[in-house]
Amino acid sequence: MVDVCLPGTGGMLPLVRRYLTCCWIEVMGKAVLIDCGEGTQVALSSADCKVNRMECLLITHFHADHISGLPGLMLTLGNQGKTTPLVIAGPRGVGHIVSSLLVIAQKLPFEIIIKELSFKEGEKFNIAGLDIETLPLRHRIPCLGYSVTYRRKPVFNPEKAAALNIPVTYYKILHRGENVEIDGKIYTPDMVLDGEREPFKVTYCTDTSPFEEMSDFARGSDLFICEGMYCDEEMRDKMDEKHHMLFTDAAKIAKAADVPELWLTHYSPALVKPSDYTDKVREIFLNTVVSFDGMKKTIVKE
């Protein structure tokens with residue numbers, strides 16, 4: 001199963017009742033966080049996200065509401081006892097941005113590993129057992145969307161293993177995809193496994209103008225999380241100018257991608273009650289959720 005949480009859902013600046021947008025994805029006690037605007041460590045605490053489980057921080061872009069909370073978050077990780085390395089990935093230049101911000105958060109008790117990602121084309125990499133894919137978005141500065149996929153191990157069949165007289169001590173080795181040799185004979189994982197299981201996929205896109213490739217990127221996701229700064233069509237010109245999206249844009253992308261569920265996020269501070277527009281956006285895509293701070297979901301499959 002995969003746990004997903006939106007500790008914050010706001011854009012531009014933190015509000016008393018709305019933290020800045022970020023996304024927490026946790027699998028098997030290891031977590032990835034997307035973005036860390038001002039006060040993110042407080043939002044994570046309020047949502048009961050265990051920050052010492054963080055293995056990776058993915059940065060979408062270098063506007064303050066998506067990265068200015070980095071020093072406070074790193075200090076919080078250190079104070080919570082983290083000693084294992086943390087990967088920080090983002091568009092090219094992320095290393096310089098991180099080192100500059102951490103001038104006020106030095107001597108951390110854990111190593112930071114920087115991974116700079118191309119903005120010209122999508123990239124694929126694996127961190128903490130999660131396959132991560134990027135999509136260059138269309139914002140005022142380089143910005144990346146992320147898909148996080150957890151590929152589960154195939155089902156281990158102990159009856160097959162027993163029929164081959166394989167000792168139980170070798171089961172885990174075969175299950176993780178490695179061959180074993182017993183009395184001079186090689187046993188391969190395919191001899192004791194029952195095929196692949198359906199993966200989990202969560203796609204996250206924010207701070208962009210809408211474009212067709214976003215639907216392709218989100219296709220196959222169990223959950224699509226996408227920005228919607230406003231709902232009213234009268235804000236269209238402003239959104240085009242700022243390279244942001246309306247609720248209806250996100251709904252159209254979700255519909256084209258044929259995802260089972262859409263979560264909206266990254267609301268304008270001027271949008272006081274985003275939930276007031278739920279019915280309107282569901283006219284386009286029925287399974288739209290106008291999310292709120294701390295919203296959680298556990299995705300479960302057989």
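Visitor: Which residues does Leu 246 touch, leaving aside those up to four places away in sequence?
Guide: Leu 246 touches Glu 227, Gly 228, Tyr 230, Cys 231, Asp 232, Glu 233, Met 235, Arg 236 and Met 239, where contact means heavy atoms within 4.5 Å. This is a predicted model, in which local features need pLDDT of at least 70, side-chain atom pairs count only at pLDDT 80 or more, and totals for chains, interfaces and linings use all residues. Residues are numbered from 1 along each chain as its sequence is written, and side-chain values use heavy atoms, with hydrogens and water left out.

Visitor: Is Leu 246 buried or exposed?
Guide: Leu 246 counts as buried because its relative accessibility is 0%; buried means under 20% relative accessible area with a 1.4 Å probe, protein chains only.

Visitor: Where is Leu 246 placed?
Guide: Leu 246 is in the loop between α8 (236-242) and α9 (247-257). Helices are DSSP runs of H or I with at least four residues, and strands are runs of E with at least two, numbered from the N terminus.

Visitor: Turning to the sheet, what is the strand order?
Guide: The open sheet has 7 strands in the order β6-β5-β4-β3-β2-β1-β16, with mixed pairing; two strands pair if DSSP finds at least two bridges between them. The edge strands, β6 (112-117) and β16 (295-299), each pair on one side only.

Visitor: In which sense do β1 and β16 pair?
Guide: Strand β1 (residues 2-8) pairs with β16 in the antiparallel sense, over 5 bridges. Asp 3 stands opposite Thr 298 in β16.

Note on methods: Buried < 20%, exposed > 50% of the residue type's maximum accessible area, 1.4 Å probe, protein only.
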